[in-house]
Amino acid sequence: MSVENQIEKLRNELREHNHNYYVLDNPSISDYDFDMKLKELQRLEDEYPEFYDASSPTLRVGGMITKNFQTVVHAQRMYSLDNSYSKEDLEDWEKRIQKGLGDTEVEFTCELKYDGASINLTYENGQLIKAVTRGDGFQGDDVTTNIKTINSVPLQLKGDYPPKFDIRGEIVLPFEGFAKMNAERVANGEEPYMNPRNTASGSLKLQDSALVAQRPLDCLLYGIVGENTGIDTQWQMLEKAREWGFKVPTIAKLCKSTDEVMNFVEYWDVHRHELPYETDGVVIKVNSLQQQDELGHTSKSPRWAMAYKFKAEQVSTILNEITYQVGRTGAITPVANLEPVLLAGTTVKRASLHNADQIAKYDIREKDTVYVEKGGEIIPKIIGVDFSKRPQESVPTQYIEHCPECNTPLQRTEGDAKHYCTNYYGCPVQITGRIQHYISRKAMDIEGMGSETVTLLFQEGLITNYADLYELTKEQVMPLERMAEKSAENLITGVAASVKIPFERVLFALGIRFVGETVAKKLAKAYKNIDALMRASEEELTAVDEIGERIAQSVIEFFQNENNRLIINRLKSVGVQFAISAEKLENQTEKLKGQTFVVSGVFEKVSRNELKKLIEDNGGKVGSSVSSKTTFLVAGDKMGPSKRTKAESLNVQIISEDDFLAIIG
Ligand code: AMP
Ligand code: ZN
């Protein structure tokens, strides 16, 4: 092989590995092998400078110094985004769009709003030519040498890219890398950085690109600008960019209605803390580029896009101690015990730390000053550390290896978010947790009994599982703390009354891992009784709508367990419902199988909820918004006009309450 070919081969290999590692998060060779290949390439390039290539992977290590960053005028202006803070804001925006476009179908893409520094990258013939900061939107600074050191920025594209285009994105500093950088700085006696966003944008203006190369920066892309790119929609844009080698987060959704958009927004408002980098909202864009064009821009921002800002209230306080909670399934949840602090109107003393990864990601330690945030969720979360306040003697958090309740070594299987205590029958908190779940309101709803009573009964050796509840006597219960004759009687009648609770709730009450209320309903409906469910194979279970492998395996495991089967038999013998009632069976049909209904407005003969139940009992599905998948729109009084227009434009049949009742006969 000629030297030139050898160099080219190495460059291609390294590009591929680089893409696998930094863009796909899926490395294909070891770090060591990668370094060896890179060194070999560097040696050849030094020896044969005539084969210089501005996109060579060796340039990632940086080394070029920029004294003054050149000002570059953007070929197309980089606009700001309009902000919205509520569902109403979004609906108003949708109305303006509908008005602007006339009565046509509009789809939206939802993407996360990455919080970092904006960047515009120019590619020609597949090579990165220029990288320019946003600046004032009209012109920015040429930071190409610094950007080239960021591993997820492709220097050479692959696939069917157009000859010339610009692509826009955000340079971010993921939490984990940020925490590591700060820990090192503090150890060296330097001032820690404030937050990932400012550090990311500061990094772009460092004069020495070798320093930039050391920072774990990432580049997330979201928009292509250019002529004749062959792209028609925002969604396609994301897909194409991904194909050409760019890092485009897959967390994005193509939506047909503001309801769907709101679902995405609400989900990520809560779950964004699980992401490796900072986000501050969702960006919603009209999907069709032709419609985008029609809508155009205001003086500041495009009319076709809208940022929905997450609401968050933040405070900082001291983390006194990390403790560990054991759930009824054995899952371990680390908890931050905080110096009490006022947040969003309530005093916060504890915050969930979710799992070991969360602690490692932010490098959270006891005695740290931490930022606590309350978003859409009820339990506040820790979203970062104020490294400037970290005490000298601080040491990294050692995650526990044994169950704090029973000392069993913890296990974490691949794919599990949490560590587990596997001592299912011996771990006291798991035992009481399961019984507490069984009696809870949404499960068996046993009156006259609370969580503390369960703990007391267990401590007195009166119960070790939920079947034991049915054998309790008044005489056994009365001597317990805070019990009197009356309350003991109530407890016993409450337990006895629970045998009337319907099968689907019993199934939920059993506490099978991953079987929540909805799944329990689905399983009860599909199998009708527990014997059929216990016989079901994994293939059969996964064939049920919305039941995946993980749930199926958990169900099978639960019923394979000898002890569980014994408990179920005991429950059966006292009369707990293990089959759908005859009456309910009678009312269930498959008449509406394969049909989707949207219900809107107020009804005369049945309530809206009853109507929905009738649809489901007859095998139909209830959708929340009208789409091309909707079979019928059941229209009541005072129905929303937009639903009607939508249904008409999509040729969805609109029927009345009476029409519906006639269908199910
Ligand atoms: P703002 O600075 O609040 O006006 O918001 C505009 C900035 O949001 C843009 O300059 C982008 O850099 C940034 N941004 C982050 N994520 C996205 C995204 N998915 N789509 C569009 N812009 C985004
Ligand atoms: Zn345990």
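Helices (H or I, at least four residues) and strands (E, at least two) are DSSP runs, numbered from the N terminus. This is a predicted model, where local features need pLDDT of at least 70, side-chain atom pairs count only at pLDDT 80 or more, and totals for chains, interfaces and linings use all residues. Residues are numbered from 1 along each chain as its sequence is written, chains are lettered from A and ligands numbered from 1 in the order in which they are written, and side-chain values use heavy atoms, with hydrogens and water left out.

**View 1. Thr453 sits in helix α13, which covers residues 451-459.** Thr453 is buried, at a relative accessible area of 13%; buried means under 20%, exposed over 50% and partly exposed in between, with a 1.4 Å probe and protein chains only. Skip residues up to four places away in sequence, and Thr453 touches Met483 and Leu491. Contact here means heavy atoms within 4.5 Å.

**View 2. Leu121, Ile147 and Phe246 have the most contacts inside the largest nonpolar core, a set of 64 residues.** A nonpolar core is a set of buried Ala, Val, Leu, Ile, Met, Phe, Trp, Tyr and Cys residues joined through side-chain atoms within 4.5 Å. Zoom in on Ile147: leaving out neighbours within four places in sequence, Ile147 is in contact with Ile119, Leu121, Leu128, Ala131, Val153, Ile171 and Leu204. Another core lies apart from this one, with 56 residues that include Met444, Ile446, Ile501 and Ile551.

**View 3. The largest pocket holds about 1,500 Å³ of space.** On a 1 Å grid over the protein atoms alone, a pocket is an open set of points where a 1.4 Å probe fits, with protein on both sides within 12 Å along at least five of seven lines, and lining residues have an atom within 4 Å of a point. Grid points are joined across faces, edges and corners, and the volume is the space filled by probe spheres set on the points. Of the 46 lining residues, Pro174, Glu176, Gly177, Pro216 and Asp218 lie nearest the centre. Two or more lining residues each come from α1 (3-23), α5 (175-187), α7 (209-214), β8 (218-225) and α11 (356-362). Helix α5 gives the largest share, seven residues. The lining splits into 22 nonpolar, eleven polar and 13 charged residues; Ala, Val, Leu, Ile, Met, Phe, Trp, Tyr, Cys and Pro count as nonpolar, Asp, Glu, Lys and Arg as charged, and the others, Gly among them, as polar.

**View 4. The second largest pocket has a volume of about 1,100 Å³.** Its lining has 40 residues, with Arg168, Tyr222, Val225, Pro302 and Trp304 closest to the centre. Elements giving two or more residues to this lining include β3 (108-114), β7 (164-172), β8 and α8 (234-243). By class, the lining of the second largest pocket has 15 nonpolar, twelve polar and 13 charged residues.

**View 5. Asp363 has a positive phi of about 55 degrees without being a glycine.** Most residues other than glycine have a negative phi. Look for Asp363 in the loop between α11 and β15 (369-374). Asp363 counts as buried, at 14% relative accessibility.

**View 6. Phe514 is not a glycine either, yet has a positive phi of about 75 degrees.** The loop between α16 (503-509) and α17 (517-527) is where to find Phe514. Phe514 counts as partly exposed, at 30% relative accessibility.
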